[in-house]
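Visitor: I am new to this structure. Please show me how to read it, feature by feature.

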Amino acid sequence: MSERVIQRFVNPDYSTWIDMCENFIEDDDEIKNTVGEIIERVRLGGDEELMKLCLELDSYNVYDSFLGLSPEDIIEAETKVSPEVLKAIETAAKNIEKFHRAQMPQTIEVETMEGIHCIQKPVPIRRIGIYIPGGTAPLFSTVLMLAIPAKIAGCSEIVLCTPAGKYGRVSPEIIYAAKFCGVDRFYKVGGAQAIAAMAYGTETIPRVDKIFGPGNKYVMTAKQMVSNYTAIDMPAGPSEVMVIADDKANPRFVAADLLSQAEHGRDSRIVLVCKSVEFSDKVIRELNSQEKLLPRRDITSESMSKSFIVVFDSDLDMIEFANMYAPEHLIIQTENPAWIANSITSAGSVFLGEYSPESAGDYASGTNHTLPTNGWAHCYSGVNIDSFMRKMTIQELSRSGLKKIGKTIVTMAEAEGLQAHANAVKVRLSKKDNLI
């Protein structure tokens with residue numbers, strides 16, 4: 001493998017930052033058209049079209065074992081998962097549960113005026129759908145990240161879809177994680193057709209109220225297309241990481257963090273923000289050395305070819321650039337990482353210090369790894385307990401409470417030209433009350 005060449009910017013002018021941070025996904029009309037056709041086939045044809053699509057797109061004949069899991073599938077999966085992975089799932093699940101249970105919102109009750117009682121009550125979403133990619137990296141960790149908080153929130157039903165291979169095989173780790181987390185329905189169907197099935201429902205797969213989970217371009221396009229009909233967790237694009245490092249950081253650690261994200265996919269985006277050209281050279285040498293040992297180096301190589309390094313003399317410029325970029329993952333390896341973190345306002349998840357790799361958050365520290373990408377961290381949070389709940393308000397007014405606020409309501413309603421709104425107050429309060 002030849003020595004890597006990475007685009008590098010040294011103290012770039014502020015006017016160029018916007019273009020550097022523009023991590024958009026170009027519209028692909030061919031993908032949109034394909035996904036649109038798939039969605040319509042499932043919406044109109046239900047199970048029959050879903051089965052045909054599984055055979056056409058995944059070479060999986062669901063006529064033989066239909067869509068769900070058999071008891072034999074579950075037993076077989078349990079025997080195929082190694083004891084080490086079983087233990088790892090248990091440990092990660094405990095941490096994820098502990099962190100997300102602490103996020104449970106409380107009911108808020110306020111008497112805004114005497115006789116006016118207002119309540120905000122958290123209510124779980126009834127039925128949620130989880131999409132878990134298969135392929136070269138079956139993400140059983142995402143089962144934990146989504147099913148565990150859904151259970152904590154009190155969602156009454158969890159539906160999971162994941163693609164099966166040619167012979168209907170699903171990663172045993174995904175099956176075991178689903179059973180471990182209490183997934184209610186498990187279907188061996190993937191791609192845009194799975195998203196359509198969860199969004200509209202078929203004879204077998206129930207319609208869900210909100211869809212969660214990552215996927216390829218077809219899956220993510222499908223989620224966007226059905227979002228007018230059912231809720232989705234967030235808009236999403238390729239995975240990304242930014243590392244902020246000073247000259248005292250360990251270049252070996254920095255390179256390892258960059259590569260760990262690069263192996264997610266060929267379109268992953270990697271950015272290093274550092275204090276000197278000399279340090280960036282050290283990181284590049286480490287990248288070349290470590291990448292040679294990776295089994296997915298064909299993927300990391302393509303991902304790294306689209307990545308870049310920015311060198312800033314000023315800490316404040318580093319911070320401002322990071323906030324403009326709004327990375328999915330932000331790793332801060334500096335002498336005082338907390339000082340920089342206190343000024344970060346736009347990032348999906350932040351990792352402080354040289355012993356906090358991004359992979360800790362991906363698997364087992366307890367935080368959620370389903371995060372906003374493509375600059376959406378400016379306005380979206382990562383998945384958390386609130387993602388599986390909604391807030392419902394309740395209010396109760398006594399007659400005296402309505403008298404106190406009635407004139408205000410009537411005045412505002414009539415000023416907006418909404419007389420029926422005003423009358424809803426007037427009919428409750430007679431003229432003898434001297435309100436009107």
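Guide: Start with contact: it means heavy atoms within 4.5 Å. Keep in mind that this is a predicted model. Now take helix α8 (residues 191-200), where nine of the 10 residues are buried. The cover over those buried residues includes α2 (29-58), β4 (127-131), β5 (157-161), β7 (210-212) and α9 (217-226).

Visitor: Which residues of α8 are buried?

Guide: They are G191, A192, Q193, A194, I195, A196, A197, M198 and A199. Just after α8 comes G201, with a positive phi of about 80°.

Visitor: Next, the sheet. What is the order of the strands in the open sheet of six?

Guide: First the general idea. Strands of a sheet pair through backbone hydrogen bonds, either parallel or antiparallel. Here the order is β1-β11-β10-β9-β12-β13, and the pairing is parallel. β1 (7-10) and β13 (349-352) are the edge strands; each has a single partner, so one side of each lacks a neighbour in the sheet. On average, neighbouring strands are turned by 15° against each other, direction ignored.

Visitor: How many bridges join β1 to β11?

Guide: Four bridges link β1 to β11 (residues 308-311), and the two run parallel. Within this pairing, V10 stands opposite V311. Helix α13 (residues 315-325) packs on the sheet and touches β9 (240-245), β10 (269-274) and β11. The direction of α13 makes about 175° with that of β9.

Visitor: Let me try one residue. Is F9 buried, exposed or partly exposed, and why?

Guide: F9 sits in strand β1. Its relative accessibility is 23%, so F9 counts as partly exposed. F9 touches M20, F308, I309, V310 and V311, leaving out residues up to four places away in sequence. The C-alpha atoms of F9 and V310 are separated by 4.8 Å, though the two are 301 residues apart along the chain.

Visitor: How do I read an aromatic pair?

Guide: A pair of aromatic rings is described by the distance of the centres and the angle of the planes. This structure holds 11 aromatic pairs. Take Y14 and W17: the ring centres are 4.8 Å apart and the planes stand at 50°, so this pair is tilted. Y14 is partly exposed because its relative accessibility is 47%. W17 has 1%, so W17 is buried.

Visitor: Last topic, the nonpolar cores. Which residues have the most contacts inside the largest core?

Guide: They are I128, M198, I205 and F388, in a core of 66 residues. Helix α6 (residues 140-153) gives the most to this core, with nine residues. Look at F388. Beyond its neighbours within four places in sequence, F388 is in contact with P124, I125, I128, L146, P149, A150, A153, C155, F212 and V383. A second, separate core has 22 residues, including C274, F279, V311 and I331.

Key:
Residues numbered from 1 in each chain as written. Predicted model: local features only at pLDDT ≥ 70, side-chain atom pairs only at ≥ 80, totals over all residues. Heavy atoms only, no water. Phe/Tyr/Trp six-rings, centres within 6.5 Å; stacked < 30°, edge-to-face > 60°. Buried < 20%, exposed > 50% of the residue type's maximum accessible area, 1.4 Å probe, protein only. Pairing = 2+ DSSP bridges. Axes fitted to C-alpha atoms, helices over the stretch in contact; angles between N-to-C directions. Core = buried A, V, L, I, M, F, W, Y, C linked by side-chain atoms within 4.5 Å.
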